[in-house]
Amino acid sequence: MDTSATIRDLVEKQISSITDLPLIGRIRELLVTPYCVHRAWDYGPPGLTYPCWTVLEHRPSNTGIAFCSQGFGPSYPWGLVSLSGPYMSIGMDSGWFASLEDAMRESMAWEGANPAGYEVQ
């Protein structure tokens with residue numbers, strides 16, 4: 001059974017495998033104490049949800065990164081998710097990744113993917 005502590009340990013294990021120091025710094029800057037959000041699984045019967053653990057928040061874009069061992073997990077357990085609003089489901093497979101590093105690199109929070117310094121409003 002997943003708990004905030006076990007998810008935090010998974011996050012630390014993921015961070016320990018990253019070699020890009022600016023990326024590690026940005027991840028650490030945005031980490032939150034993991035908390036569970038039950039998100040709708042759009043590919044199953046109506047009402048089906050899976051527990052997704054939000055581990056990182058980027059408030060300016062209303063997005064975060066979550067860990068979910070179900071849905072697209074275990075192959076792609078790290079997903080880009082909305083923090084609030086109408087799009088609170090697990091979403092599409094294109095938003096889920098094999099590692100925290102891959103999810104972060106594709107997120108709106110990673111400025112390394114945005115060398116012009118564009119800020120999301």
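In which strand is Thr63 found? I looked this up and noted that Thr63 belongs to strand E3, which covers residues 63-67; strands (E, at least two residues) and helices (H or I, at least four) are DSSP runs, numbered from the N terminus.

**Entry on the model.** I remind myself that this is a predicted model, in which local features need pLDDT of at least 70 and side-chain atom pairs count only at pLDDT 80 or more, while totals for chains, interfaces and linings use all residues. Residues are numbered from 1 along each chain as its sequence is written, and side-chain values use heavy atoms, with hydrogens and water left out.

**Entry on Thr63.** Is Thr63 buried or exposed? I found a relative accessibility of 19%, so Thr63 counts as buried, given that buried means under 20% relative accessible area, exposed over 50%, and partly exposed in between (1.4 Å probe, protein chains only). The side chain of Thr63 is joined to that of Ser61 by a polar contact of 2.6 Å; a polar contact is a pair of N or O atoms within 3.5 Å, where within protein one must be able to donate a hydrogen and the other to accept it, and where residues adjacent in sequence count only if both atoms are side-chain atoms. Leaving aside residues up to four places away in sequence, I listed the residues that Thr63 touches, among them Glu57, Val81 and Met108, with contact meaning heavy atoms within 4.5 Å.

**Entry on Glu57.** This residue, touched by Thr63, also forms a salt bridge with Arg59, the closest N and O atoms being 3.2 Å apart. A salt bridge is a side-chain nitrogen of Lys or Arg within 4 Å of a carboxyl oxygen of Asp or Glu, and by this rule I counted six salt bridges. Glu57 is buried at 14% relative accessibility, whereas Arg59 is exposed at 54%.

**Entry on Arg28 and Glu12.** Which parts of the chain does this pair link? I noted a salt bridge between the two side chains, 2.8 Å from N to O, and it links distant parts of the chain, since Arg28 sits in helix H2 (residues 21-30) and Glu12 in helix H1 (residues 4-16), 16 residues apart. Arg28 is partly exposed at 41% relative accessible area, and Glu12 is partly exposed at 33%.

**Entry on helix H3.** Glu101 and Arg105 lie four residues apart, about one turn, in helix H3 (residues 100-106), and their side chains meet in a salt bridge of 3.1 Å, N to O. Salt bridges with shared partners join Asp20, Glu101 and Arg105 into one network.
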